[in-house]
Amino acid sequence: MIVALGSDHGGYDLKQKVIGYLKEKEIEYRDFGCESRESCDYPEYGRAAAEAVAKGECDFGIVICTTGIGISIVANKVKGIRCALCSDTVSARLTREHNDANMLAMGAGIVGTNLALGIVDTFLNTPFSGEQKHVRRVKAIE
């Protein structure tokens with residue numbers, strides 16, 4: 001598994017915590033930026049991570065900004081991306097089971113570190129259910 005990461009300055013610190021989690025779990029990742037807390041624009045980094053997932057270079061993506069809203073909108077503009085903004089583990093589980101989401105967005109100003117890492121763990125470890133009704137709906141999204 002390879003995870004694409006992207007954040008703006010508002011999500012930088014939480015992205016570093018996610019990187020720590022991925023290292024601990026020995027999950028490969030690619031960090032598409034940003035590289036510091038210096039003010040920057042989230043579309044550049046959210047798009048880069050989403051394009052890596054859409055091209056098949058990475059299996060999943062995780063993008064983070066202050067609210068998670070803007071960066072999830074950017075990711076969802078990339079064809080083939082189903083990015084879900086999650087602030088709880090139930091949503092993270094259900095978006096994988098029902099929507100086969102391939103990207104997760106979080107708001108660093110909304111969720112704390114412990115909850116965020118639980119969301120990441122749930123998202124990365126929940127398979128798509130493959131139920132016919134969900135397959136049909138995912139195809140309709142595409």
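Questions and answers on this structure follow.

This is a predicted model, in which local features need pLDDT of at least 70, side-chain atom pairs count only at pLDDT 80 or more, and totals for chains, interfaces and linings use all residues. Residues are numbered from 1 along each chain as its sequence is written, and side-chain values use heavy atoms, with hydrogens and water left out.

Me: How are H2 and H3 oriented to each other?

Reply: Helices (H or I, at least four residues) and strands (E, at least two) are DSSP runs, numbered from the N terminus. Helix H2 spans residues 42-54 and helix H3 residues 69-76; their axes come within 8 Å and cross at roughly 45°. Axes are lines fitted to C-alpha atoms, for helices over the stretch in contact, and angles run from 0 to 180 degrees between N-to-C directions. Angles under 35 degrees count as roughly parallel, over 145 as roughly antiparallel, 65 to 115 as roughly perpendicular and the rest as oblique, so H2 and H3 are oblique.

Me: Which residues of H3 make the contact with H2?

Reply: Contact means heavy atoms within 4.5 Å. H2 brings Tyr42, Pro43, Gly46, Arg47 and Ala50. The H3 side is Gly70, Ile71, Val74 and Ala75.

Me: Where does serine 72 sit, and is it buried or exposed?

Reply: Serine 72 lies in helix H3. Buried means under 20% relative accessible area, exposed over 50%, partly exposed in between (1.4 Å probe, protein chains only). Leaving aside neighbours within four places in sequence, serine 72 touches Cys83, Leu85 and Ala105. Its relative accessibility is 8%, so serine 72 counts as buried.

Me: How are H4 and H5 oriented to each other?

Reply: Helix H4 covers residues 89-99, and its axis lies 8 Å from that of H5. The packing angle is about 20°. H4 and H5 are therefore roughly parallel.

Me: Which residues of H5 meet H4?

Reply: From H4 come Thr89, Ala92, Arg93, Thr95 and Arg96. Their partners in H5 are Gly118, Ile119, Thr122 and Phe123.

Me: What geometry does the aromatic pair of phenylalanine 60 and phenylalanine 123 have?

Reply: Rings of Phe, Tyr and Trp (its six-membered ring) pair if their centres lie within 6.5 Å; planes under 30 degrees apart count as stacked, over 60 as edge-to-face and the rest as tilted. Searching the whole structure gives one aromatic pair. Its centres are 5.8 Å apart, with 75° between the planes, and the pair is edge-to-face.

Me: How many residues apart are phenylalanine 60 and phenylalanine 123?

Reply: Both phenylalanine 60 and phenylalanine 123 are buried. Phenylalanine 60 belongs to strand S3 (residues 60-65), phenylalanine 123 to helix H5 (residues 113-125). The pair links distant parts of the chain, and the separation is 63 residues.

Me: What is omega for the cis peptide bond of glycine 33 and cysteine 34?

Reply: Cysteine 34 sits in the loop between strand S2 (28-31) and H2. The cis bond joins glycine 33 to cysteine 34, with omega about 5°.

Me: Is glutamate 26 buried or exposed?

Reply: Glutamate 26 is in the loop between helix H1 (12-24) and S2. Its phi is positive, near 55°, in a residue other than glycine. At 74% relative accessibility, glutamate 26 counts as exposed.

Me: What phi does aspartate 100 have?

Reply: Aspartate 100 lies in the loop between H4 and S5. At 23% relative accessibility, aspartate 100 counts as partly exposed. Although aspartate 100 is not a glycine, its phi is positive, at about 50°.
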